Amino acid sequence: MFVSLFLVLMGYIVYFNAFKAKTIINSPYNVRQDLLANRIIRGKILDKNGQVLAKTTVKEDGKEQREYPYGDLYAHVVGYASKGKAGLESKENFNLLTSNAFILEKIMKEFKGEKNIGDNVVTTLDTNLQQAAYDALGDNKGAVVVMEADTGKILSLVSKPTFDPNHVAENWLELNQDKNSVMLNRAMQGKYAPGSTFKIVTALEYIRENKDYDSYQYKCTGKIEHNGTVIHCNNKKVHGLQDLRSSFANSCNGSFSNIGLQLDISKYEKTAKQLLFNEDLPSPLMYSASKFILSPKDPSSEVMMTAMGQGKTQVSPYHMALITSSIANGGKLMKPYLVDKIVNYSGTTVTKNMPEEYGTLMTREEATQLTEYMKSVVEEGTAKTLNGQGYSVAGKTGTAEYSIDKEKVHSWFVGFTNVDNPELVISVVVEGSDSTGTKAVNVAKKVFNSYY
């Protein structure tokens, strides 16, 4: 018995050190991790091309100061390292406070009582794309997420309004009391009604339930009435006779409300779950979970609203980027990541992350069909401003009402470029676009134009 207990104890110690220790040490709640800072100068955070996003400067008196050369451009994704930590500064704290310098150099510095230099975190972020997304949003509140569909690399992650991480400590109280929630990472933690971008989910469910989905028809008169509920198409536009493709291209609210009434709600809920609603998301940063709230007991009015992207459904721009990425990648979602590799201060690679498949959200046939519908949105529908460029785009626009009087709206766009061999996946939300006039599709266009 004694030998058995001893072996179990030793086994757990080995397991803990091999698999759990790094997670425990790197927890933002573990105050002991910063004891590493007594021996290590915090490493740098770099973009994919080696541009410095965060670094530690040592002054003549030996005092260390964390600096962010790009100011508010990377505030939410890179984060800050004072008054606690956020973003990559928090997630990569262990690596930044670990030195993999040459062993003899480390021994000599420790012998002299000098600090070793921590490892650098090389991210997947592209400063050119980050700047383009930042500029495209202008003074609007909102968010932009840009990814690679076939790798899962996050190339850009912008949230506005933003703040300067160089001055977090002195402005801490003001930042936390800001009425515009400047410290909220809207890309990851924003919770919005998805508007018509959710018609991707509704169309997918209809395809799954109806093998003859190509024969679907609906005559749009500009509105739909059912059991006392009246839903209008955008600007009360009359779309006339619609099939599923044109319903999607024109974002016909009447048609999608009609589709919702025909769905098996239990299966609808299952499809939403498969697309990671009410589920944990694969994520390199903190995020808010998305909610799909609809049951067979709900009234038809709730079904109609949900099917067109309103109702109680809430989603983040990041989550919509994941769904769009899976469509672009033939139904398979690659695990999203922000860190390309860890290198020591002299540039020698310590560890490198490789693309990894997270799971299958839909079949290749379903992804292909949704891609065709998303192409129609650009070729003849609500995103025609993206047609005829030097690159091809498949996407979906959305308008999400967020006030009781239904006059205030957020603007959405999700999509991907180079449709036959997808490159950039994008998800954009612009808050209060009714008052600014800025549409998410135009933000996406500026990002694409900058890239191409």
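Lys and Arg count as positive here, and Asp and Glu as negative, while His and the chain ends are left out of the tally.

**View 1. Charges across the predicted model.** What you're looking at is a predicted model. Its protein chain carries 51 positive and 49 negative side chains.

**View 2. The whole chain and its overall size.** The protein chain contains 17 helices and 19 strands. Along the principal axes, its C-alpha atoms fill a box of roughly 80 × 60 × 40 Å. A compact globule of 452 residues would have a radius of gyration near 22 Å, and the 24 Å of this chain agrees with that.

View 3. Of the 452 residues, 52% are buried. The chain exposes about 21200 Å², and carbon and sulfur atoms supply 50% of that area. Now for the contacts: among those between residues at least 6 apart in sequence, 66% join residues at least 24 apart.

**View 4. Helix 13, tucked in.** Why is helix 13 (residues 300–307) described as largely enclosed by the rest of the structure? It's because 6 of its 8 residues are buried, and buried means under 20% relative accessible area. The buried ones are Ser300, Glu302, Val303, Met304, Thr306 and Ala307.

**View 5. What covers helix 13, and what follows.** After helix 13 comes Gly309, with a positive phi near 105°.

Definitions and conventions. Residues numbered from 1 in each chain as written. Predicted model: local features only at pLDDT ≥ 70, side-chain atom pairs only at ≥ 80, totals over all residues. Heavy atoms only, no water. Buried < 20%, exposed > 50% of the residue type's maximum accessible area, 1.4 Å probe, protein only. Helix = DSSP H or I, 4+ residues; strand = E, 2+ residues; numbered from the N terminus. Rg over C-alpha atoms; globule rule 2.2 N^0.38 Å. Contact = heavy atoms within 4.5 Å. Areas by Shrake-Rupley, 256 points an atom, 1.4 Å probe, with all protein chains shown as cover. Charge placed at Lys NZ, Arg CZ, Asp CG, Glu CD.
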